[in-house]
Amino acid sequence: MDVFDGLPDPIIVDILNKVGDVKTLLRCSSLSKRFNSLVPQSESLTLRLDHSVSDSPVVTSIFRSLFNGLVSLFSKPAKPITITTLSPSLPFKILSRFDRIRNLDVELPGGDVKLEKGAAVKWKAEFGKTLKSCVIVAFRSAGTVSSPVAVEGESDAEFVTGLKTRVVWTISALMAASSRHYLMREVVKEHEEIESLVMRDKEREGTVVMNEEGLKELRNTEARVEDEERVVKNKRSVVPSVRMSMRHAPSLKLKSGICLESATLVIVRPSGADFEVGDDAELATEAFVGDCMYGEAVVALLKCKKNALEMNSF
């Protein structure tokens, strides 16, 4: 007898949870009747939506694999998958085999914020039925300097210069976040047992998080007809009217020797949301815990003058 067969089901499920990768688990389900019954019980999953994912949850036929391999030799390379080409039905179909998902991590093929050459952005957004908060750090270029961390101040007139670019960065990040939120709506509503959802891209440009409270809020809220029409048309959730706290430094020199030009920190919350004055610092620093460069940039930018802006729903 195979020693593995002697392990009780709960231990097998725990091992499958450690594996996590959806594609691997679906392949495992074809090994035996036992695995076919245990794989759907996996609670912690990682779904990677890359160029190799198709509408079929798993390819179980060797002949189909061979056929696809031959076809790929004589056909043009497939276009890379982006957030704009993904349909909510794709993750819904792939995850339909699982019925006990509690923790779900989703990895997208790449970042989806369109920036000019030399610019970089990193953001983290939290959602419920709609946007709860978003922290964005962006800069135009990075170089090296020998001086210690320093922030060059600016006048109000200098802040206005380049404001349009910084607003475009902010809108692009919010649109990317709302597109990811829209992508997982069907999955969240179908799998009521999910307690944590995290969506990232391979480059770690942006992250969308939903905790247990936010997931319940999305499931239990019926969208207005006009909002639903906008959502389906634009393939993203509606971004509510928001208030933004924007801080900017023309040149930000970090302790590591890196110099960020036009460094910008934007903290976004829905209009009417209650929060304390000190919440900006807590929210911003928590968003980039573990990221040395961006974390250091956030701490430095929080010392800059705060400029309040408002934006209508879109």
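User: Is Glu107 buried or exposed?

Analyst: This is a predicted model, in which local features need pLDDT of at least 70, side-chain atom pairs count only at pLDDT 80 or more, and totals for chains, interfaces and linings use all residues. Residues are numbered from 1 along each chain as its sequence is written, and side-chain values use heavy atoms, with hydrogens and water left out. Buried means under 20% relative accessible area, exposed over 50%, and partly exposed in between (1.4 Å probe, protein chains only). The relative accessible area of Glu107 is 16%, so Glu107 is buried.

User: Which side chain meets Glu107 in a salt bridge?

Analyst: A salt bridge is a side-chain nitrogen of Lys or Arg within 4 Å of a carboxyl oxygen of Asp or Glu. For Glu107 the N to O distance is 3.8 Å, and the partner is Arg204.

User: How many residues apart in sequence are the parts that Glu107 and Arg204 tie together?

Analyst: Helices (H or I, at least four residues) and strands (E, at least two) are DSSP runs, numbered from the N terminus. Glu107 lies in strand S2 (residues 103-108), and Arg204 in the loop between strand S7 (196-201) and strand S8 (206-210). The pair therefore ties together parts whose separation in sequence is 97 residues.

User: Which residues are linked with Glu107 and Arg204 in a network of salt bridges?

Analyst: Arg204 is partly exposed, because its relative accessibility is 37%. Besides Glu107 and Arg204, the network of salt bridges holds Asp21 and Arg48.

User: What is the distance between the closest N and O atoms of Asp291 and Lys122?

Analyst: Asp291 and Lys122 are both buried. They form a salt bridge, and the distance between their closest N and O atoms is 2.4 Å.

User: Where do Glu286 and Lys124 lie?

Analyst: Glu286 forms a salt bridge with Lys124, with the closest N and O atoms 3.2 Å apart. The pair ties together parts 162 residues apart in sequence, because Glu286 lies in helix H11 and Lys124 in strand S3.

User: Which residue has its backbone oxygen 3.3 Å from a polar atom of the Arg236 side chain?

Analyst: Arg236 lies in the loop between helix H10 (225-234) and strand S9 (242-253). Its relative accessible area is 10%, so Arg236 is buried. Leaving aside neighbours within four places in sequence, the residues in contact with Arg236 (heavy atoms within 4.5 Å) include Met175, Tyr182 and Phe314. The backbone oxygen in question belongs to Phe314.

Terms used:
Polar contact = N/O pair within 3.5 Å; in protein donor to acceptor, adjacent residues only side chain to side chain.
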